Amino acid sequence: MKQSLIDVLETFCPDNVFLQGTLAEDEPYPESFVTFWTNYTEDRAHYDDDVHSIDWNFSVIYYSSDPALVNSVPSQIRTALKAAGFIPQGRGNDIHSDRPSHTGWAMEFIKTEIL
């Protein structure tokens, strides 16, 4: 499931998709990049004493040093992830960056894995 998320995100920031929190503190940030995090997984469909589907909930955060990109690219990411079967949970929200040079936009998505 994570790989299908990463595959879509890499179309927007090739070589700049990271697990949230893995950028080294002493390394410069790329001009634009995407991070993701698995918030939780939840068993959904149950029958015959077994789980038959799991909901995966992901946070996706787009960061850039260009505020105009932060205002436009997240909606493109949202559209692409929706087309790939990820269900957007709202439109998202502003998010703080550890660097004053960058701003970010956070979004959440759910995708159901059928077992």
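Helices (H or I, at least four residues) and strands (E, at least two) are DSSP runs that are numbered from the N terminus. The views show a predicted model, in which local features need pLDDT of at least 70 and side-chain atom pairs count only at pLDDT 80 or more, whereas totals for chains, interfaces and linings use all residues. Residues are numbered from 1 along each chain as its sequence is written, and side-chain values use heavy atoms, with hydrogens and water left out.

**View A. The loop between strands E3 and E4, with Asp48 and Asp49.** Asp48 lies in the loop that runs between strand E3 (46–47) and strand E4 (50–51), and Asp49 is found in the loop between E3 and E4 as well. Although Asp48 is not a glycine, its phi is positive, at about 55 degrees, and Asp49, also a residue other than glycine, has a positive phi near 60 degrees. Most residues other than glycine have a negative phi. Asp48 counts as exposed (over 50% relative accessible area, where buried means under 20% and partly exposed lies in between, with a 1.4 Å probe and protein chains only) because its relative accessibility is 69%; Asp49 is exposed at 85%.

**View B. The aromatic pair of Trp56 and Phe58.** Five aromatic pairs are found in the whole structure, where rings of Phe, Tyr and Trp (its six-membered ring) pair if their centres lie within 6.5 Å, and planes under 30 degrees apart count as stacked, over 60 as edge-to-face and the rest as tilted. The ring centres of Trp56 and Phe58 are 5.9 Å apart and their planes are at 10 degrees, so this pair is stacked. Both Trp56 and Phe58 are buried.

**View C. Ser32 in strand E2.** Ser32 belongs to strand E2 (residues 32–43) and is buried, with a relative accessible area of 16%. Its side chain and that of Tyr62 are joined by a polar contact of 3.2 Å, a term for a pair of N or O atoms within 3.5 Å, of which, within protein, one must be able to donate a hydrogen and the other to accept it, while residues adjacent in sequence count only if both atoms are side-chain atoms. Not counting residues up to four places away in sequence, Ser32 touches Cys13, Asn16, Tyr62, Tyr63, Ser64 and Leu69, contact meaning heavy atoms within 4.5 Å.

**View D. Leu9 and its contacts.** With neighbours within four places in sequence left aside, Leu9 is in contact with Val17, Val34, Phe36, Val60, Ile77 and Leu81.
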